[in-house]
2 protein chains.
Amino acid sequence: MKKVGVAILGLGVVGSGTYKILTEHREFYKKTHNIDVTVENVLELRKERALELGINESAIASSMAEICSNPDVDIVIEVMGGVEPAKSFVLAALNAGKSVVTSNKELFCKYSHELEKAAKKNNCGLFYEASCVGGVPVIRALLDNLQGNKILSMMGIINGTTNYILTKMSDCGASYEEVLKEAQKLGYAEADPTADVEGYDAAYKLSILSSLSFHTKIPYTEIYREGITGVSALDISYGKKLGYTIKLLAIGKNGTNGIEVRVHPAFIKSEHPLASVSDSYNAVFVTGDSVQDVMLYGRGAGALPTGSAIVGDVIYCATHPNHSYSTFKNTEKADAATKFVTNFESAYYLRLAVKDKAGVLAKVSAILSKNGINVAQIIQPNEKIDGAVPLIIVTHLTRENSVNKAVADINANDSIAKVETVIRVVSD
Amino acid sequence: MKKVGVAILGLGVVGSGTYKILTEHREFYKKTHNIDVTVENVLELRKERALELGINESAIASSMAEICSNPDVDIVIEVMGGVEPAKSFVLAALNAGKSVVTSNKELFCKYSHELEKAAKKNNCGLFYEASCVGGVPVIRALLDNLQGNKILSMMGIINGTTNYILTKMSDCGASYEEVLKEAQKLGYAEADPTADVEGYDAAYKLSILSSLSFHTKIPYTEIYREGITGVSALDISYGKKLGYTIKLLAIGKNGTNGIEVRVHPAFIKSEHPLASVSDSYNAVFVTGDSVQDVMLYGRGAGALPTGSAIVGDVIYCATHPNHSYSTFKNTEKADAATKFVTNFESAYYLRLAVKDKAGVLAKVSAILSKNGINVAQIIQPNEKIDGAVPLIIVTHLTRENSVNKAVADINANDSIAKVETVIRVVSD
């Protein structure tokens with residue numbers, strides 16, 4: 001039986017969940033994998049947390065150096081989050097010859113090139129399945145299952161907080177502010193929700209997933225990012241009438257013009273498999289040139305689902321002594337040859353407030369047409385909002401720049417109409 | 001650059017698809033994985049198939065022995081299907097020191113113990129991701145992602161032909177016979193559809209998936225199997241009214257009383273993620289004690305999706321020189337300690353034809369009650385079928401034996417009612 005000692009850095013939600021899984025399954029892993037996994041050290045400033053979990057005081061390390069010099073620690077699990085001190089600790093572990101398993105999307109997205117370099121130098125494993133989409137097995141699927149494909153596109157609901165908020169807004173017709181407050185009360189959103197609701201968390205994950213998919217580093221700074229704070233119950237309700245569900249989507253495409261990476265709210269057809277991914281569930285929908293469509297669905301966050309991904313990596317690391325690394329030249333920046341497309345192709349939902357008089361529709365139509373935009377669908381409900389008539393337009397596929405120009409043209413002519421909302425529509 | 005020579009046994013649908021993927025992506029794999037994969041040999045009696053694909057005549061082997069003695073062949077891809085000669089060929093390849101990638105569910109389900117033994121003896125890789133659910137990455141997810149979990153249950157739509165037939169029956173209200181004919185015309189069902197429609201194919205796959213999930217060999221002979229030939233458009237339509245969708249489900253459960261493995265048509269709530277898996281799409285819904293629910297969805301068959309799984313295994317094999325094997329004692333039979341439950345717990349849909357007179361419902365209810373069965377839902381539509389009144393009953397959770405006994409009791413009293421259909425209902 002192989003002895004495997006681990007250290008856990010951080011006993012927050014995920015760290016505690018990981019500790020519980022490892023200790024409760026110790027006998028199970030002896031039987032299934034012939035390994036005896038023990039938690040030899042934890043690093044946690046709030047000592048009482050460790051004691052509450054039943055961890056021996058002697059296992060509570062007083063410094064990272066103590067863990068690095070502990071010969072019984074083979075694998076270091078980093079579940080602290082944030083860049084520092086996590087980065088220094090991970091590098092210290094690797095340089096001490098320990099393999100590392102991390103759930104830290106921000107760290108991995110920003111510094112995977114440095115971490116991988118240190119791992120290779122020291123012949124250590126570096127695993128990060130838990131960094132993206134919790135218990136959903138998407139990293140290894142891209143590395144070890146779909147790697148024979150040219151990945152054409154990926155589309156994901158990869159942030160639990162925003163999906164919870166948008167689902168509740170859709171179900172109850174409540175406003176963003178109301179639902180956010182409720183989510184904070186229930187612990188689904190943090191006191192400062194910026195990282196989630198402004199799409200940073202999703203952008204970090206998309207950076208990791210699209211780098212693996214497209215075989216070149218996709219820095220998160222190349223990702224177009226728009227959060228959900230501007231999404232209104234009114235637009236969700238009009239969207240529903242048109243057969244759409246609103247989601248915060250992370251989209252990566254690899255087309256003939258280059259790579260397109262973006263995180264933003266989007267309408268998606270209600271019969272699309274992603275549309276029924278509700279509440280805190282997450283899913284990634286990948287299209288490859290051979291496999292066609294694959295969707296991976298599950299809990300994108302939480303102590304035990306994320307702990308499941310971490311423990312999966314720990315067992316893999318313990319049972320596969322020869323380490324392999326990411327399948328692209330893991331540099332700080334994208335390859336020089338990589339082109340990024342910012343003038344996205346998409347369909348668009350526009351909600352306008354228009355004057356209730358003859359000729360307005362003709363003028364709006366003329367502006368759209370002048371910008372090369374074809375209208376797929378139009379609704380003018382028999383109602384008024386703040387004295388103006390709402391006019392909802394869904395376009396055929398067009399380009400971001402064309403829409404921006406058309407919106408500016410309409411708004412410049414604000415005696416007739418004003419564009420209140422622009423939401424991208426996934427048309428395929 | 002590492003040179004990787006492969007041989008393909010069988011150029012049917014999947015073999016041809018695999019050949020195309022490998023040859024069209026040769027330059028791509030050089031860049032992404034630093035490997036040069038070439039097809040050194042094919043084994044195919046119909047020589048013209050090979051020539052049509054553009055394969056050099058010199059690469060068409062005249063025997064398995066020729067492939068075994070070709071030093072340029074590192075990996076043998078077996079996509080012939082069936083037990084023999086596939087089994088002899090795979091064993092010959094392993095004994096000649098070649099790693100094997102197979103899509104053959106029948107062979108792997110029946111003889112994985114023999115194949116794995118030969119692979120271990122010769123220190124060769126043995127890969128079978130393509131044996132279950134085509135391009136959906138389920139095998140590796142169970143082995144390398146979810147292996148930290150005690151898997152509590154799995155539920156899958158893992159046969160494309162039957163899912164296509166049931167979807168069409170549901171959409172159009174057509175009969176099984178009509179849709180089968182259409183499916184055969186379109187190539188979605190074989191001339192002899194037995195393996196698919198009687199659930200053998202699904203049972204082979206469930207044997208493999210549940211063995212991996214539950215860490216003991218689950219011989220396919222232990223799997224309860226019922227096909228879709230008895231499913232009627234009438235029951236599908238009543239099911240819809242009750243909020244259910246019909247699917248051929250493969251179910252594995254690991255509970256306190258033992259392991260339950262079964263393949264049969266079942267009603268599932270229309271809002272369940274599996275209910276919207278339509279046409280030839282497949283999905284596996286796995287519940288683990290840590291990860292909770294995970295669903296993996298995609299194309300369960302077809303040249304390129306299955307080819308994607310095969311090529312994924314080929315690349316993995318070429319880039320991971322240390323081989324690992326299944327995580328259970330891969331024996332011919334289940335461990336002596338393994339208990340199989342046959343008196344399943346389930347909810348049930350019963351359609352009865354009853355006499356249109358007073359007291360019948362009371363008598364039926366009394367029989368159900370006597371057998372300890374609680375009724376969850378009852379519908380008596382205001383219509384007659386062949387002179388009798390249809391009575392639809394959905395039970396709460398009960399046991400297979402209780403339902404069988406109740407059905408026998410009702411039918412024994414056939415002056416009042418006859419049970420026309422029994423369909424299990426997935427209630428959670």
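Two residues are taken to be in contact if their C-beta atoms, placed from the backbone, lie within 7 Å. By that criterion, 46 residues of chain B are in contact with 46 residues of chain A. This is a predicted model, in which local features need pLDDT of at least 70 and side-chain atom pairs count only at pLDDT 80 or more, while totals for chains, interfaces and linings use all residues. Residues are numbered from 1 along each chain as its sequence is written, with chains lettered from A and ligands numbered from 1 in the order in which they are written.

On the side of chain B that touches chain A, two or more residues come from each of α2 (26-33), α7 (138-145), β11 (292-299) and α13 (303-319) of chain B (helices, H or I of at least four residues, and strands, E of at least two, are DSSP runs numbered from the N terminus). The largest share, nine residues, belongs to α13(B). By class, this side holds 18 nonpolar, 22 polar and six charged residues (Ala, Val, Leu, Ile, Met, Phe, Trp, Tyr, Cys and Pro count as nonpolar, Asp, Glu, Lys and Arg as charged, and the others, Gly among them, as polar).

The β11 strands also meet across the two chains: β11 of chain A (residues 292-299) and β11(B) run antiparallel and are joined by five bridges (strands pair if DSSP finds at least two bridges between them). Within this pairing, V294(A) has G298(B) as its bridge partner.

Turning to chain B itself, the crossing of α14(B) and α15(B) is right-handed (the near helix is turned clockwise from the far one by less than a right angle). V364(B), I367(B) and L368(B) of α14(B) meet A406(B), D409(B) and I410(B) of α15(B).
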